[in-house]
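Subject: Structure handover

Hi,

Here is the structure for you to look through.

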Amino acid sequence: MYTLSSEASFDSAHFLKDYIGKCRNIHGHRWKVKIEIYAENLQSDGGFRGMVLDFGDIKKELKEITNYFDHAFILEKNSLKPSLFNALVEEGFRLIEVDFRPTAENFSKFFYEHFEKKGFPVLQATVYETPNNCASYSKGVR
C-alpha cells in the first residue's frame, strides 16, 4: 500500500465545558493536522502516472479547512450562556460553533470525515494539540 501525508497548522482557542481540570478554561493551541491518503496501486497512465494523487490537491484542501479555523474561538454548540455568547459576538470575536466537544480526538474524526466527503481515500487523520500530544482517527483500512 502507498501512503501520502500532508500537514498544516492553525492557531485557535477553545475550552472543554464540564471538564474538571485546566482545560475547562479558555486556552489556545497551535493545532497541527496531518492527513494520510492511501492507494493499493499507483496510477498507471496519464499525467498522474506513478502517483497516488497530486500532493497539490491534498495541500489545497488541507490549507482551506485549517485556514477556516485559524484565529478563532472554537466552541461546542450551546456550551456558553446565550448572554456571554452574544456579548462575544457584539465585541466582534470570531466564534466557530461545532457539533462536538473540541478535543483533539473529535477533531481528528472531523478532519478524516471532511476529506472523505471530498472524495479523498483517507487512511488516517491526526491532530496535534501540542508538539508532543496528538490523537488519530481511522476506519481501520489498514
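Predicted model: local features only at pLDDT ≥ 70, side-chain atom pairs only at ≥ 80, totals over all residues.

Residues are numbered from 1 along each chain as its sequence is written, and side-chain values use heavy atoms, with hydrogens and water left out.

**Helix α3**

Helices (H or I, at least four residues) and strands (E, at least two) are DSSP runs, numbered from the N terminus. α3 spans residues 104-117, which is 14 residues. From first C-alpha to last it reaches 20 Å, close to the 20 Å expected at 1.5 Å a residue. That expected span is 1.5 Å times one less than the number of residues.

For accessibility, buried means under 20% relative accessible area, exposed over 50%, and partly exposed in between (1.4 Å probe, protein chains only). The buried residues of α3 are Ala104, Phe107, Ser108, Phe111, Tyr112, His114 and Phe115. They cover an arc of only 160° around the axis, so they sit on the same side of α3. The arc is taken from the directions from the helix axis to the C-beta atoms. On the face turned away from that buried side, α3 carries the exposed residues Glu105 and Lys117.

What covers the buried residues? The cover includes β1 (2-14), β2 (27-39), α1 (55-69), β3 (72-76), β5 (122-130) and β6 (133-137). Contact here means heavy atoms within 4.5 Å. After α3 comes Gly119, with a positive phi near 95°.

**Salt bridges**

The structure holds five. The criterion is a side-chain nitrogen of Lys or Arg within 4 Å of a carboxyl oxygen of Asp or Glu.

- Arg30 and Asp11: the closest N and O atoms are 2.8 Å apart. Arg30 is in strand β2 and Asp11 in strand β1, 19 residues apart. Asp11 is partly exposed, at 23% relative accessibility.
- Lys77 and Asp99: the closest N and O atoms are 3.0 Å apart. Lys77 is in the loop between β3 and α2 (82-90), Asp99 in the loop between β4 (95-98) and α3, 22 residues apart. Lys77 is partly exposed at 42%, while Asp99 is exposed at 65%.
- Glu116 and Lys139: N to O is 2.9 Å. Glu116 lies in α3 and Lys139 in the segment after β6, so the pair ties together parts 23 residues apart in sequence. Glu116 is partly exposed at 34%, and Lys139 is partly exposed at 46%.

Best regards
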